[in-house]
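Trainee: I would like to learn how to read a structure step by step. Could you take me through the features one at a time, giving the general idea and then the case at hand?

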Amino acid sequence: MDELSVKEKDLLERIKAKPELRTLFFRRVKGLKWFDELYDAGYFAAGNIPAPVPAKEEGYVNIPYWEAVNYLVSTVAEVTDQSAAVYAPRFLAIIADATAYAKANGFSNYRVWWSFAEVISQIPVEFVTLEHLEAVNYWMEDKYDRGLVSEIVATKWFPKLLENADSHALELAQRLLDVLFEIDYSIEEVAGRSKKRAQLRFDHYRAEKIAKKISDLAGRRLGAVAVLAFELKLTRLLQELGNDTWSAVWQPAIEEHEQNAYRDRAENVLLEAYRDALCGYMDANAAEACDYARSLLEKPYQTLVRVAIYCIDRNYRQCLSLAGDLINGGFLQANFRHEIWHFLSRNYGEFDAAQKQRVLTEIAKKVRLDDNGAVLEVASAYERSTWLAAIKDLGAEEAARYQEAVRVAGVEPDHPDFSSYSSAGRVDQKSPYSAEELGSLSPDELAKTLREYRSGGGWQEPGIEGLSKAVKQTFKSAPLKYCDQLDSFKELDLAYVYSIIEAYRELWSEKAGLPWDGLWKSLLEYIAAILKQDLFWQSGNAERRKEFVANRYWVVGSIARLLEAGAKSDDHAFPEKYHTDVEALLRLILEREEGEIIDADSDAVSVAINSPRGQTIEALINLALRACRLQDRLNTRDHSEAWERYRCYFDAELERSKKGVYEFAVLVTNYLPNFLYMSNEWVIGNLSRIFDQADYMRWSCAIQGYSYVSTVYQEIYSFLKVHGDILRVLDDKIIKDRVEERFLQHIVVAYVNDYESLDDENGLMRAVLNRAVFDELQHLIWFTWTLRKEDDGKTRKKVYALWPLVLGKMNFSRKEDRKLASHLCHWAGFVDHLDEERKKLLAAIAPYAGEAHNSYDLLVNLARISERQPFEANEIWRTMLQGAAEDYPEEAIKKLLVSLVEQGPVGVREARETVSLYLQKGMIRPSEWLTEIVESSKIQ
């Protein structure tokens, strides 16, 4: 070993005398030649390990560095075979002594442990003992951070141990595996009851990373030892938490899958580690691993059985002898659904005839019963269809049986490989029971649990809000489990009733593949049972609740949205046989639900579409529309009979709007195109009642509803024009800001479609021009620009006619009018050719293009025009440069210059004169672009 030089020994004296130099020294020093001197000087003494110190902020600590340890990290790589016998024990002694000192004095330092982990992972394996792993075990208990140590130990050291074939290294690896996946158990008090939680020693991100890194490798190299170690930990966890029978809820798929929402829990990480270890074992020693998998099928833990099925499926050729065990009826059940379904889907084609027949027989036995033990044919067929979906493409008989089951069920199964499927994600707010815990209960048990639950009410404590969200997730995950027993849930707190209805509404909206015919029957019966309870309609149920949970208004709104969704689309609607039932429910609500208050300052549309009564009316409108559409198909577009069935409701609602119930006053105009379809005669005949100027609130509601209609109907427009409604809107101080723009748009559309004429001095377009209100003209200009279409000569002519009239209203000495001129630059998009008239129009506005930042649009359009008329476009360009000059968009300016340069020397001269205007304003980029263009074109 080289000795230290005089200069190096002098350096040691200086850092001894000046402690402030030590940090820099230990960051840079490296090499075993320093070890003895540093060791003898006491820098590695156990008592030097620093303990955490309180930070300035109360409740926090600072974790100091032990600078001397940096030297061990940077030097340990030199502890090779030649020097190991001398230095390896001494390095390990430093680690053991410092850890023991910290443990004895009741503190920890994860920064030091991190460094020690780096060191021990590089020490030759033969010098490391099981006692040293107890130090690692202590590091993994650090209360401030365990992740840094665990990652080094797991991703660097553990694989290195497994690469070493000797028994000592494998023994160390086995113990290290146990240390890494140690599970801590704790008791939490949630809503007054105790709940046990399991937790790994490090955060779930590192837990997943570590499990992925080492589990498969452990199974391959340690074989049964690793697999049994994971099995022992997993079975202990299942016993402690008592959650084995509902593992299909907290881990829907054994493989990695988007449905596995709870990836951050110890049970999920450990299950996946066990899975990967067993798969690694299968790959390395299929015969032994298959024997082990066979033993798992007889275990009392369903979770272990699921892992076994998964691994057998993935290694079917090696585990052929186990096929018979898996196709018996004991495994064709909900808890094993995902694994058995995919086992059948992937391997059924290789079964022999007897095995296939056994599968078909077991599937045929699948039935669902009601409370009285009678067979539910539709639900039973749906259940069989989910299993048959796995094999329907693997034989003629299988396909036929599947089609028959689908015919009876009325729908193809959605996500048939899952007994419950969630698309709503996890419950974010705290609930006293998780969704998977609720899902493990029978319908009666669940109803009883919800009835008996009482919220503690404390701030940030689990409560009814979180529980109601968990209820929705539970029903969404397993809708068929509860559909036949919804009556059990009719008298629950409205928070839960709302969640149940919302669960099915969302499933419907997501077009979940379920037997909806039967489901709609159950849902309508459930809704009817709720609405027919007098208690439901008591005033107290409509009051805002302390918790952010449903009251009666929420429930009625949810019912209405569900029924509306069921009628809205012919491609996805409840059967016509339920129309009468739905109508009865909507009638009942309209008879009992009061209207929301809408006053002069209200956004009437927002209030109407969000009020329970308004949502019910929307559902009724959609039901009537569906009835009319269905009758059209039968009677060659004669739906008068269907309309007459529902007309009485709309007449009644129109009359009710006279009494201050305004939802329909808003919605009848908001749905005006739909009412015109159902009965044009009824709409036209009631226009004076709908737009009743004698009743301001009624008129205001109708106007606000109509402002959302984008189509301009000539007959409606003419009525509003003649009766002065549109001009009244433009002058109304209360609703003007909410509806003005839509009515200005109607005027423009009417003008383009010849419902308005510029020759009509009493016309509305003339009225807008004569009013000369800045905001009105600005919107008119913008909306007209949005109507531009390529080769639309009619609109272009209309714009050309309107343009000079707009310009005629401007006084360019006023800033607002200069801004309007700038906005008119948008209309350059209508110009396809520059004749004298068009040049005059553009020249009038071009100097003001920059007033409202519209130079960009004008330049883009001039560049387009320059392709055919470069000199004319350049003329307008120079006019623009009389005002503000912009040297962007770059591509448009370059296009203008190229178009000029392509005309030869004359064009180049014109281009140079134009860019000189930019130079006068201090902008050099256009001149540089022109130089590049000219040089590339070789024109001087």
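Trainee: Is aspartate 534 buried or exposed?

Mentor: Before I answer, please keep in mind that this is a predicted model, in which local features need pLDDT of at least 70 and side-chain atom pairs count only at pLDDT 80 or more, while totals for chains, interfaces and linings use all residues. Residues are numbered from 1 along each chain as its sequence is written, and side-chain values use heavy atoms, with hydrogens and water left out. As for the terms, buried means under 20% relative accessible area, exposed means over 50%, and partly exposed lies in between, with a 1.4 Å probe and protein chains only. Aspartate 534 has a relative accessible area of 56%, so this residue is exposed.

Trainee: With which residue does aspartate 534 form a salt bridge?

Mentor: A salt bridge is a side-chain nitrogen of Lys or Arg within 4 Å of a carboxyl oxygen of Asp or Glu. Aspartate 534 forms one with arginine 592, and their closest N and O atoms are 3.5 Å apart. This pair links distant parts of the chain, 58 residues apart, since aspartate 534 sits in the loop between helix H26 (516-531) and helix H27 (552-568), whereas arginine 592 belongs to helix H28 (residues 579-592). Helices here are DSSP runs of H or I with at least four residues, strands are runs of E with at least two, and both are numbered from the N terminus. Arginine 592 has 39% relative accessibility and therefore counts as partly exposed.

Trainee: Which helices hold lysine 736 and glutamate 776?

Mentor: The side chains of these two residues, lysine 736 and glutamate 776, meet in a salt bridge at 3.4 Å, N to O. Lysine 736 lies in helix H39 and glutamate 776 in helix H41 (residues 774-786), so the pair ties together parts that are 40 residues apart in sequence. Both lysine 736 and glutamate 776 are buried.

Trainee: How far apart in helix H25 are glutamate 502 and arginine 505?

Mentor: They are three residues apart in helix H25 (residues 494-509), which means that about one helical turn separates glutamate 502 from arginine 505. Their salt bridge has its closest N and O atoms 2.8 Å apart, and both residues are buried. By the rule given above, the count for salt bridges comes to 77.

Trainee: Which residues form a negative surface patch?

Mentor: Patches are made of residues with over 30% relative accessible area and no salt bridge, where like charges are joined within 9 Å and nonpolar side chains (Val, Leu, Ile, Met, Phe, Trp, Tyr) within 5 Å. Asp737, Glu741, Asp775 and Glu816 form the negative one. Among them, glutamate 741 is placed in helix H39 (residues 736-752), and with 45% relative accessibility it counts as partly exposed. A nonpolar patch on the surface is formed by Val367, Leu369 and Val375, which together have about 250 Å² of accessible area. Leucine 369 is found in the loop between helix H18 (353-364) and helix H19 (377-388).

Trainee: How many helices and strands does the protein have?

Mentor: The secondary structure comes to 49 helices and four strands. The radius of gyration (taken over C-alpha atoms) is 40 Å, well over the 30 Å that the globule rule (2.2 Å times the number of residues to the power 0.38) gives for 940 residues, so the protein is more spread out than a compact globule. Of the 940 residues, 53% count as buried.

Definitions and conventions. Areas by Shrake-Rupley, 256 points an atom, 1.4 Å probe, with all protein chains shown as cover. Lys, Arg positive; Asp, Glu negative; His and termini not counted. Charge placed at Lys NZ, Arg CZ, Asp CG, Glu CD.
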